[in-house]
Amino acid sequence: MEPSMYLRANVLERDYNKHNNYQMKKIFKFLLVSILFASCSDDSGTNKNTEDAANLPQRIRVENSSSSASIVNHTFDYDGLKIKTWDREFMSGTSSYVEKSRHEFVYTNNLITQINHYSGSNLVPLTLMDEYNVYHYNSDSKLIKEERKSRSTGEVIFTVLYSHETENNNDVIKISRPDSPGMQKLTYLSDSNMKYEGIDAGNFVAFTANWTFDTEEINPLSKITGIQNLYIVNYDNGTDPTFYKYNTVSTNSITPGANPASVQYDYEYIDGRINTIIVDDSRFTLPFVQTYYYD
């Protein structure tokens, strides 16, 4: 997501005399109109950014009704439209143990170029982890490389490469690791449909997922500066919020093979925000529901 571009007028001062008075009046009139137009555009953009920032959720609570019932609390901290931190608390079943984590976002201009990670619990305070992520983009602000690095040694633990291509007139992103065979392939079939494939070393499709989006409903979290450049695909199980441009209508995934499995997610919204996700997993007898609460 790129920030709004504002029209700006550059007023050039120049010498003139009484013989050029008429021409200068015309120039001044043009500059005045340009400045007024730029001012209106800036006000409009500023108001829109303020409105988008006000609509960003601060806290989200997700309750899972499955047999392994869980509660996940998400807390976001922003600076305008830029995300500063994302805290996550996970509680499973009747256990009193609370698993805690924090992601701290670092920007270079309007792109997220580093994420620091913290880990802890209700028994141990959040502690900065040794490993962190660094992100690299091309001149079009498209993600091309992700590095997992060690803070103590400075070494790169692993690298993920993102290749942006076109196949059959569709935008395609191929995701791979130099130290690992196979790849992941993301195909944008249309604004409302996206396909994800996990392909193994033998070019066998080991996993497929499809997303359907409502292009009439913009996802509030997609307004976060730089978030769509970074989170190309969300590897979530419905308990974490997504950052796609549009609200998700449904997601289905299929894992073929000797023990095939399929999972269907159907989303319901209230006022543009996720209310419930109905999950129908072939490995379970009955569907279960994930309910979202906001404050």
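**A buried alanine**

I began with Ala209, which counts as buried because its relative accessibility is 3%. (Buried is under 20% relative accessible area, exposed is over 50%, and partly exposed is in between, with a 1.4 Å probe and protein chains only.) This is a predicted model, where local features need pLDDT of at least 70, side-chain atom pairs count only at pLDDT 80 or more, and totals for chains, interfaces and linings use all residues. Residues are numbered from 1 along each chain as its sequence is written, and side-chain values use heavy atoms, with hydrogens and water left out.

I found Ala209 in strand 12, residues 205-218. (Helices, H or I with at least four residues, and strands, E with at least two, are DSSP runs numbered from the N terminus.) Which residues does Ala209 contact, leaving aside neighbours within four places in sequence? I listed Met194, Lys195, Tyr196, Asn252 and Ser253; contact means heavy atoms within 4.5 Å. Tyr196 is 13 residues from Ala209 along the chain, and their C-alpha atoms are separated by 5.0 Å.

**A buried serine**

Next I checked Ser70, in strand 2 (residues 70-79). Ser70 is buried, with a relative accessible area of 8%. Not counting residues up to four places away in sequence, Ser70 touches Val62, Glu63, Asn64, Phe90, Met91, Ser92 and Gly93.

**The whole chain**

I then stepped back and noted two helices and 16 strands in the protein chain. Of its 295 residues, 37% are buried. Among contacts with a separation of 6 or more, 35% are between residues 24 or more positions apart.

I followed strand 5 (residues 111-121) into strand 6 (residues 127-137); they run antiparallel and are joined by five bridges. (Two strands pair if DSSP finds at least two bridges between them.) Ser119 has Thr127 of strand 6 as its bridge partner. Five residues sit between the two strands of this hairpin.

Strand 6 also pairs with strand 7 (residues 143-150), antiparallel over seven bridges. Here I noted Val134 with its bridge partner Glu147 in strand 7. This hairpin has five residues between its strands, and Ser141 in the turn has a positive phi of about 65 degrees.

I went back to the loop between strand 5 and strand 6, where Leu123 lies. Is Leu123 buried or exposed? Leu123 is exposed, at 66% relative accessible area.

**Aromatic rings**

How many aromatic pairs does a search of the whole structure find? I got 10. (Rings of Phe, Tyr and Trp, its six-membered ring, pair if their centres lie within 6.5 Å; planes under 30 degrees apart count as stacked, over 60 as edge-to-face and the rest as tilted.) Tyr267 and Tyr269 form a stacked pair, 6.5 Å centre to centre with 20 degrees between the planes. Tyr267 counts as buried at 11% relative accessibility, and Tyr269 as partly exposed at 28%.

Phe284 and Phe288 form an edge-to-face pair, 6.0 Å centre to centre with 80 degrees between the planes. Phe284 is partly exposed at 40%, while Phe288 counts as buried at 12%. My last entry is one aromatic cluster, formed by Phe76, Tyr78, Trp86, Tyr231 and Phe243.
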